[in-house]
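Try each task yourself, then read the solution.

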Amino acid sequence: MSSHYRAPGALALAAAAALTTTSIAPAHAAAEDRVLRVYDNNIENLVRNNADGTCTRISGPDHLASMLVDDDGRTGTSGVQAPDLLIVQQVRGTGQATAYADQLSGMFGYPAGTYKAIVAWDNPEEWGSTHKCSQQSLGDLKKRQTNAILYNTRTLSLAAGDVSKYWSAGWLKPGTSYDGGAGCTLYKPPDSDDGTTNQYKWKRTSAIAARFTIKQTGTTVFAATMHLPEQNGANACAGAGYTGIANSGIHLGADATSLMNASTIRVIGIDANRTNIAATTLGGFGMTGYGAKATSGSRKIDYLFVKGTVRPSSVDHTVSGTKSNHLALYGFIEF
């Protein structure tokens, strides 16, 4: 059942190995209610940082059960239906994305490979040291980081040419002066971190996008995943001398923009590492931000932007019990 979609700097992967998990809801037919169920979360390599410096490893099924909700925003009920798109940040690469996708398939009684993953970097190089975990073995699990989009092949199809090339985030390199975007560069060599410890840290911020087709109606759907550098919190940067869309640090690559412009429904999930990004920031693309609650401690730094008819949420599109350092966002989009 596996198939691969390749583009320079990008790899679309099929989930391959079957994993046995506990089903949280019975398998059901493709979305007859014509709703596209979309989630966004920085899953933190499935390792949570605790306040006391320890870290806790979270299983894929436990994490998924903590973020998937029913129409009333509740987790763990019989009303939780299989998602169509999971936009995620901070996965280790192909291996973790494949396992996570298969675990998701198993939760709904689907065969392995039902969910597939598009991953920005297949197996990014390690960076960093402890990753703020007092147990080094858990810190080591966070040393490889990239971004991915998981999609449900029961409801969505993907053509080989509809995966974008990766594109780099912008940043202000430490020690560089900033004046309305002056000093901003793209976060990649040669303008990446100095020294060997963080040499490959920039790969955690590589973005990727794709255009899908809803099998039921032929409706086109654009999805992108982004993770901006921590430095974006203090100084918005999206490229050379550029502060990003509405001074947010957000920008889209050329290939991604082409795919987006050819899509009816549009969804972007971002760990922006920046607060106060307005829901109207991507209004020029016809998109609105959903969810206003804090997503990382007391800060809202994660965003879900959608062009489409999004159903109301009793929990402000934010899943408070998510087993990550970031709360998941979701949108149920009618089509």
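**Exercise 1.** Which kind of contact do the side chains of Glu-230 and Lys-201 make?

*Solution.* Start with the contact: Glu-230 and Lys-201 meet in a salt bridge, at 3.3 Å from N to O. The rule asks for a side-chain nitrogen of Lys or Arg within 4 Å of a carboxyl oxygen of Asp or Glu. Buried means under 20% relative accessible area, exposed over 50%, and partly exposed in between, with a 1.4 Å probe and protein chains only.

A word on the ground rules: this is a predicted model, where local features need pLDDT of at least 70 and side-chain atom pairs count only at pLDDT 80 or more, while totals for chains, interfaces and linings use all residues. Residues are numbered from 1 along each chain as its sequence is written, and side-chain values use heavy atoms, leaving out hydrogens and water.

**Exercise 2.** Where in the chain do Arg-311 and Asp-71 lie?

*Solution.* First, the pair itself: Arg-311 and Asp-71 form a salt bridge with 3.7 Å from N to O. This one links distant parts of the chain, with Arg-311 in the loop between strand 17 (309–310) and strand 18 (318–319) and Asp-71 in the loop between helix 1 (60–67) and strand 6 (85–91), 240 residues apart. Then zoom out: Asp-33, Arg-37, Asp-71, Arg-311 and Glu-334 are linked in a salt-bridge network. Across the structure, the count comes to 14 salt bridges.

**Exercise 3.** Why is the ring pair of Trp-121 and Trp-202 called edge-to-face?

*Solution.* A pair of aromatic rings is described by the distance of the centres and the angle of the planes. Rings of Phe, Tyr and Trp (its six-membered ring) pair if their centres lie within 6.5 Å; planes under 30 degrees apart are stacked, over 60 edge-to-face, and the rest tilted. A search of the whole structure finds 10 aromatic pairs. For Trp-121 and Trp-202, the centres are 5.8 Å apart and the planes at 85 degrees, so the pair is edge-to-face. The two sit 81 residues apart in the chain. Trp-121 is buried at 17% relative accessibility, and Trp-202 is buried at 7%. Trp-202 also forms a tilted pair with Tyr-166, at 6.4 Å centre to centre and 45 degrees between the planes.

**Exercise 4.** Which charged residue sits over the ring of Trp-121?

*Solution.* Lys-203 is the answer, with its charged end 3.9 Å from the ring centre of Trp-121. Elsewhere, Arg-37 lies over the face of Phe-332, at 5.2 Å from the ring centre. Phe-332 also belongs to an aromatic cluster with Tyr-39 and Tyr-330.

Terms used. Helices (H or I, at least four residues) and strands (E, at least two) are DSSP runs, numbered from the N terminus. A charge sits over a ring if NZ of Lys or CZ of Arg is within 6 Å of the ring centre and within 35 degrees of the ring normal.
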